[in-house]
Amino acid sequence: MRRTVPPAELRGYNPIWISGNFLGNASVKDNKLVCGDETFSVLYIDASYIDLDALKTVVRFAGNGIQVYLRQIPRQPGKNKSPEFGKLLAELTGMKNVSREFPGKTGIRPLVKGDSLPDFWCRKDGEEYYFFIANPYSMDLHLPLKYGQSLSSDTVRRDLTFNVSGRELKLPVEFRPYQSVILKIGSQGDPEYLDISYDPPVPMTIPF
């Protein structure tokens, strides 16, 4: 899925892709989607086609309380259509916790928000969140790279808001040349920046 870009409205939520096999191993507990050690608040569906078995699973999950968002109304793939598909789809779209708008009125907030939001990832360890925030210039990297494209001498700043553990923290984040940021945020106390600085080697010339 590297070439598939999520909708812009999901930038601050940083979703992960799932498959029908994932749904088959998941369950709903306390209105959350649970699979292994992972817990999810929302099932966001942006698919042109969904097979009958996957739709049955989604309807069951929605009936158990998980929030479901349909960015588009999916169709049944294949030549032989089942009349059950249309009935299940009508049942799904008629549920109160199924919406065509995101995030709607649920109060689900993005993990990170801000203008020109850089790419980021987050890992939770106990009560602490670790945010890796990539240097904003990395968003412009596409293959094939151009000669000298990595050259940078600018410090970039982004004003970001983090929503963790019931806290809303507004922080100015600075990215020095060639540097990304790791930020540790706990349920209490001040955020901590971890040192991941990297200084690229200086080009050298060899006289003849």
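This is a predicted model: local features need pLDDT of at least 70, side-chain atom pairs count only at pLDDT 80 or more; totals for chains, interfaces and linings use all residues.

Q: OK, is Lys184 buried or exposed?

A: Lys184 is buried, because its relative accessible area is 17% and the cut-off for buried is under 20%.

Q: And which residues does Lys184 touch?

A: Leaving out residues up to four places away in sequence, Lys184 touches Glu128, Tyr129, Tyr130, Pro191 and Glu192.

Q: Which of those form a salt bridge with Lys184?

A: Glu128 does, with the closest N and O atoms 3.9 Å apart. Glu192 also forms a salt bridge with Lys184, and there the closest N and O atoms are 3.3 Å apart.

Q: What does the Glu128 and Lys184 pair tie together?

A: Glu128 lies in strand β9 (residues 128–133) and Lys184 in strand β12 (residues 181–185), so the pair ties together parts that are 56 residues apart in sequence.

Q: How accessible are the two glutamates, Glu128 and Glu192?

A: Glu128 is partly exposed, at 31% relative accessibility. Glu192 is partly exposed too, at 38%.

Q: How many salt bridges are there?

A: The count comes to eight salt bridges. One of them joins the side chains of Asp46 and Arg71, at 3.6 Å from N to O.

Q: Where do Asp46 and Arg71 sit?

A: Asp46 is in the loop between β4 and α2, while Arg71 is in the loop between β5 and α3, so this pair ties together parts that are 25 residues apart in sequence. Asp46 counts as partly exposed at 35% relative accessibility, and Arg71 counts as partly exposed at 44%.

Q: Which residues are linked with Asp46 and Arg71 in a network?

A: Glu9 is. Glu9, Asp46 and Arg71 are linked in a network of salt bridges.

Q: New topic: the inside. How many residues are in the largest nonpolar core?

A: It has 25 residues, and the ones with the most contacts inside it are Leu33, Leu55, Val68 and Leu92. At least two residues each come from α1, β2 (32–35), β4 (42–45), α2 (52–63), β5 (67–70) and α3 (83–93).

Q: Which one gives the most?

A: That's α2, with seven residues in this core.

Q: Why would residues like that group together?

A: In soluble globular proteins, nonpolar side chains tend to be buried together.

Q: Take Leu92, then. Which residues is Leu92 in contact with?

A: Setting aside neighbours within four places in sequence, Leu92 is in contact with Leu55, Val58, Val59, Ala62, Leu70 and Val98. There's also a second, separate core of 18 residues, which includes Phe120, Val173, Phe175 and Ile185.

Q: Let's do sheets. In what order do the three strands of the open sheet come?

A: The order is β7-β10-β11, and the pairing is antiparallel.

Q: Which are the edge strands?

A: Those are β7 (112–113) and β11 (167–175), as each pairs on one side only. Strand β10 (residues 156–164) pairs with β11 in the antiparallel sense over nine bridges.

Q: Give me an example. What's the bridge partner of Arg158 in β11?

A: The partner is Val173. You've met Val173 already, as one of the residues in the second core.

Q: What about Gly12, where is that?

A: Gly12 is in the segment before α1 (20–24). Gly12 counts as buried, with 8% relative accessibility.

Q: Which residues is Gly12 in contact with?

A: Apart from neighbours within four places in sequence, Gly12 is in contact with Pro110, Leu111, Val112, Leu117 and Phe120. Take Val112: Gly12 and Val112 are 100 residues apart in sequence, but 4.9 Å apart in space, C-alpha to C-alpha.

Q: Last one: which residues form a nonpolar patch on the surface?

A: Ile16, Ile18, Trp121, Phe132 and Ile196 do, with about 430 Å² of accessible area together.

Q: And where is Ile196?

A: Ile196 is in the segment after β13 (192–194). Ile196 is partly exposed, with a relative accessible area of 33%.

Definitions and conventions
Residues are numbered from 1 along each chain as its sequence is written. Side-chain values use heavy atoms; hydrogens and water are left out. Helices (H or I, at least four residues) and strands (E, at least two) are DSSP runs, numbered from the N terminus. Buried means under 20% relative accessible area, exposed over 50%, partly exposed in between (1.4 Å probe, protein chains only). Contact means heavy atoms within 4.5 Å. Patches are made of residues with over 30% relative accessible area and no salt bridge: like charges are joined within 9 Å, nonpolar side chains (Val, Leu, Ile, Met, Phe, Trp, Tyr) within 5 Å. Accessible areas come from the Shrake-Rupley method with a 1.4 Å probe; for residues, only the protein chains shown count as cover. A salt bridge is a side-chain nitrogen of Lys or Arg within 4 Å of a carboxyl oxygen of Asp or Glu. Two strands pair if DSSP finds at least two bridges between them. A nonpolar core is a set of buried Ala, Val, Leu, Ile, Met, Phe, Trp, Tyr and Cys residues joined through side-chain atoms within 4.5 Å.
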